[in-house]
Every structure is written in C-alpha cells, then in structure tokens.
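Here's a quick briefing on a predicted model. Have a look at the structure first, then the notes by topic.

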Amino acid sequence: MRDRLSTTVKIYQETNRPFCRVTVLLHQDFKNMATKQSIKLYEVVAAVEHEVSCPVCLEEFLEPKCLPNCAHNVCQECLEEMTCKNSTMTSIECPVCRVESFIPTAGVSAFPKNHLLARLIEKNPSRKAYDNEFIKEALKRSRENLEGLKNAIQEMDVRRNSIKKQAENVKKEIQTAANHVIDIIRDQEQQLLLEVDQYMNNNYPETTFDKQKEKLNNLLAKTSSCVESVEKKKDGDKRGLRQVQHLEELAKVAGIQILSARRKCFRKFELTFTKSDFSLDNAESIFGDLSVKSGEVDSDKHSLAGLNESFSDEKVLKHIDGGSIKVPNFFPFAVTVSKKCGDIAVLDAENKRVHIFDREGNHLTQFLFIFGDFWDITYSHNDEIVVLNRETNSLLHYDRSGNLKRKFPTTPIPKVKFTFLSHDSSGRLFVTSSPRYQELTSETNSCVLVYNVNGKLESVFGEGKLSSPKKAVLLNGELFVPDADSKSVKVFSLQGEFRREIGKGMLEDLAGIAVDSENGRILVCDCEGYAVHVYSKEGTLVRTIRTAAPPVEIALSKDGKKLVVCFDGDKAKCLQILSYSEAVLHTT
C-alpha cells in the first residue's frame with residue numbers, strides 16, 4: 001500500500017476547460033493508522049461542510065452554479081437575486097474573489113451546474129431524513145393553524161350577527177316604550193336611538209370588523225398558499241425549509257392578529273335599556289336611560305381549537321389604585337424597580353408625586369415636587385431616584401425621603417426634548433428625545449442621548465432612524481428602542497450603529513419596554529393588543545402576556561419573578577404586580 005493516496009477530481013465544461021478542482025490528500029501512517037484516519041476523516045468532513053455552503057446565503061446549495069472565470073460556486077437563486085435589479089447586466093462579480101464572469105445569453109441558469117457538490121449534498125442521508133421530518137412537523141403545525149384561523153373567522157361572523165341582533169332588540173324596546181308617551185318624549189326617543197348608533201359606531205364599527213376579518217383572511221390565504229407550496233416540494237428540497245420558516249412566522253403573526261381581533265370584536269354587548277315610570281318630575285328621562293357596563297372580553301372560551309397560541313394570563317399578585325393607598329386621583333404614569341433593595345418607585349405625574357412601595361406592593365412613603373413637566377423615572381446605579389423634567393431638559397436626583405441630591409441641566413442641544421429615561425449598571429443614563437403633544441418633527445429631534453455617571457454627554461444617535469422613540473434599554477451590549485411610528489423595536493450598538501428591527505408587522509401601539517437580563521429577553525408593551533410581548537434579543541417572539549387594560553409602562557422585580565405594570569390612565573388608573581416566572585417562560 002502506498003503511504004500517500006492522491007485523488008484529483010476534475011469537472012469539465014463543453015470546452016473541456018476545468019472549472020472546479022478538488023484535491024483530497026489522505027496521509028496513511030501504518031504505525032498510527034486508526035488515529036490518523038479518524039483525524040483526516042474529521043478534516044475532510046469539515047472541509048466538505050464548508051464547500052457545500054453558498055457564500056451569499058450561507059446555506060447549503062440549492063442549485064450550485066460555477067462561475068467560469070474563478071471556479072467559485074454560488075446558488076442559482078442567489079445569482080438571480082444579484083442580477084434581478086439590473087436586467088442589462090452583461091457580467092457578474094464573484095461574491096468571493098470579485099472576479100467578473102460574463103453572463104450567458106440564456107441568463108445565470110446557463111452557468112454550468114457543479115454536479116459533484118450536488119451529489120455530495122444529495123448523498124447525505126442523515127440530513128435529508130432530518131429535513132424531511134422537520135418539514136412534516138411544520139406542515140402538521142401549519143394545518144392546525146389553518147384550522148384555528150378558519151374557526152376565528154367563523155366566530156367573528158357569529159359574534160357580529162349576534163351583536164347586531166342584540167342592538168336591534170334594544171332599539172325595539174326603546175321604540176315600544178316611546179310609543180306610550182307619544183309627542184312629549186319623541187325628542188328623547190330620537191336622542192337615545194342616536195346614542196345606540198353612536199355606541200355601535202364607537203365600540204363595534206363596521207370598518208373594525210371588516211379590517212380584522214380582512215387581516216385574518218389575508219393570513220389564511222398566505223398560510224394556505226405556503227402550505228400547498230411546501231406540500232408540493234420534493235423530499236430534500238431546501239426551498240421547503242425556507243418556506244417552513246415563513247410558516248412559523250405566519251403562525252406567530254396569526255396569534256397576534258387574533259388577540260387584537262378579540263379585543264376589538266369579541267367584547268360583550270353591554271348596552272341595556274331600563275324603562276322608567278312616567279311622572280312629571282322625571283319628564284326629561286320619561287321612559288328610560290341607556291347604561292353601559294364596563295366593556296370586557298367574553299369570559300367563555302373562544303372556538304380556536306388547533307391554533308398554536310403563545311398567550312398566557314399571569315396571576316395578579318397585587319392591585320394598587322388610589323383607594324387602596326388612600327390617594328385621591330392616583331395616576332401611575334411611569335414605574336421603576338431598585339436593583340439593590342427591590343423597592344418600586346412610581347411617578348404620579350398628575351399629582352406631581354413619587355410613591356415608593358416595597359417589593360410586595362405595600363405603600364411605604366411618598367414625596368412631592370412642585371414645578372415641571374415630569375415624564376419618566378428610574379433608579380440610578382447608587383439607588384437614587386432620578387426624575388426626568390421635560391420642561392427644563394433636566395434630570396433630578398432624589399433620595400427616598402424626597403431630598404434633592406443633585407440635578408444637571410445639560411448643555412443645550414437644539415431641538416432636543418427629554419422624554420424617556422433608563423440607566424445601566426455602570427451608571428450611564430440613556431435619555432430619549434421624542435415629539436409629544438402637538439410638537440412637529442421639525443421642532444423636536446427623535447434620538448437617544450447617552451450620559452456618563454457624571455452627567456457628561458457622551459454620544460447622540462438615532463436621528464434619521466427613529467421617528468417616535470420610547471424608552472431605550474440595554475441588553476447584552478445593545479440598545480433596544482421601541483419606535484411607535486414604525487411599529488417595531490429598533491436595535492442599535494452602543495456606538496449608535498443601527499443593526500436590526502424586532503416585531504415589525506406584529507406590534508400595533510408600542511409603549512413601555514423592560515429587560516429580562518437573566519433570560520436574554522425584552523418585554524414590549526402593546527396598548528392596542530392589551531398585551532406585553534416577550535421577545536428574544538434576536539427578535540423571536542417567545543410568548544405574549546395578556547393584560548386587563550392597555551399597558552403603558554412595565555418593570556421587572558429584582559428577582560425577575562414579578563412584572564409591575566402601569567396602564568393607560570383613560571382606561572384604568574392603577575398599578576398591578578403580575579407573576580412572571582422562568583418556568584412559564586419556557587413552556588411556550
């Protein structure tokens with residue numbers, strides 16, 4: 001047996017010109033044959049794994065095409081994407097070495113196929129079996145999602161007809177009662193009928209039903225088309241994998257859209273009519289009044305069997321409102337949690353107070369400040385309570401007794417208005433400037449400002465990328481900034497470099513944001529959906545936590561097991577502490 005075996009594989013075009021040369025050298029040492037053979041085998045496998053990956057999409061070749069002038073291989077689909085923007089291109093640049101190759105008259109599909117690479121990929125039985133099993137499982141889940149979408153659409157039609165019927169019944173009751181008192185109360189009768197119509201328009205507008213149904217029908221069509229396409233793919237076809245990933249994303253979007261549809265379309269019809277006894281004393285409301293109960297989602301289970309939902313209802317551990325702490329007109333506007341002692345600080349901007357609670361939600365103390373337009377609050381790294389005054393573009397540092405320790409009005413920056421505030425463990429403060437009230441974007445810059453522990457401005461970024469930013473939070477060296485206008489969370493490096501977007505197409509009305517550092521998650525408030533969405537730092541939706549009212553600000557407890565939520569003051573002037581555990585987090 002020879003000590004060295006050299007195998008050279010050459011593949012030729014019609015011109016017999018070599019376009020790919022693979023040389024494999026196997027060194028065989030009789031003394032340590034078994035060991036060296038295993039090492040070489042590992043190296044060969046590693047080399048093959050590298051060679052079968054497209055340099056553009058970094059995935060296994062779907063249809064490997066060889067560029068004649070350099071012998072590098074690229075997927076046919078990737079080549080088509082490189083040329084589709086310019087139909088007049090006569091040559092294409094290699095993405096590996098930048099050498100140009102002339103495009104055949106028949107297009108990039110006429111480039112020679114690398115049959116050796118294609119056979120290497122096809123002959124890998126374990127990968128093929130794994131891919132086939134993955135596709136089968138994904139198809140199974142997608143069929144379940146299709147069934148869930150169909151059920152949701154059917155239920156919307158049933159609820160819609162039921163609500164219309166109930167509204168008509170109420171109107172008939174009003175008309176029957178009105179007929180007993182003829183001319184005296186005709187004006188009131190018409191007014192009440194108008195109120196019913198206004199109630200329907202405000203709470204169950206036709207456009208809302210149509211819009212929600214259209215969204216679900218579009219998702220149904222997209223998912224059906226994608227499922228049919230995947231089913232038609234042959235075993236081992238890698239395009240099926242991409243479409244399966246698209247199916248997974250469609251499933252998540254379906255869940256979000258159905259949650260939104262529930263809030264908008266599935267509320268009980270709570271308008272009732274109460275007939276009054278006739279008397280001259282109550283002539284203004286002679287035959288009754290309309291009353292509306294608080295609108296809630298039906299408590300009965302919706303017929304969405306088969307839908308892969310990732311929603312959860314966390315247990316309410318503590319409900320805090322003005323009555324429970326004996327503070328009239330209590331309006332929790334922003335919330336923060338101390339990472340040292342676990343206390344909860346709440347900004348009551350209407351009453352210009354800061355309320356401090358212990359980690360269980362028991363009210364400890366409060367302090368008052370007088371002048372300013374206060375928008376946000378955070379605990380500093382040394383446990384001072386920092387309040388943002390938008391009126392003066394300043395940050396006020398208080399101790400827990402309400403003593404002002406320091407403040408630093410910043411060096412004036414044109415068109416900057418302090419709006420939201422957060423900090424990191426090193427003491428840096430992240431301040432967001434964002435247009436509010438009736439301010440024009442030309443009057444207020446949308447950006448994030450980074451201050452060091454001494455209050456010195458270190459950097460400003462986000463201009464041109466942000467239009468209506470919320471609070472910026474730090475996770476694993478990246479800043480996550482909800483942007484209300486773009487309906488997504490935008491991610492930046494600490495140097496201000498834009499990196500990616502999270503939640504695009506899933507989020508409706510963004511508000512507060514918090515960080516689950518232990519699990520590498522971000523939590524984002526969606527007021528429109530009455531929900532807090534939990535994402536991985538890469539942007540994968542992990543689950544959705546439903547809330548009783550639109551959440552506007554959130555904070556995690558020191559131990560990461562509780563979620564403190566402030567709600568939209570127009571809907572609920574209160575604060576809630578919800579359970580939030582890692583065990584629940586990993587069940588979705």
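β27 gives the lining of the second largest pocket its largest share, four residues. Strands here are DSSP E runs of at least two residues, helices H or I runs of at least four, both numbered from the N terminus. This is a predicted model, so local features need pLDDT of at least 70 and side-chain atom pairs pLDDT 80 or more, while totals for chains, interfaces and linings use all residues. Numbering starts from 1 along each chain, and side-chain values use heavy atoms, without hydrogens and water.

**The pocket**
- The second largest pocket has a volume of about 780 Å³ (the space filled by probe spheres set on grid points joined across faces, edges and corners).
- Of its 34 lining residues, Val337, Lys339, His423, Val515 and Ser517 sit closest to the centre.
- A pocket is an open set of points on a 1 Å grid where a 1.4 Å probe fits, with protein on both sides within 12 Å along at least five of seven lines; lining residues have an atom within 4 Å of a point.
- At least two lining residues each come from β11, β15, β19, β23, β27 and β31.

**Salt bridges**
- The whole structure has 17 salt bridges (a Lys or Arg side-chain nitrogen within 4 Å of an Asp or Glu carboxyl oxygen).
- Asp210 pairs with Arg160, closest N and O atoms 3.3 Å apart.
- Asp210 is in helix α6 and Arg160 in helix α4, so the bridge ties together parts 50 residues apart in sequence.
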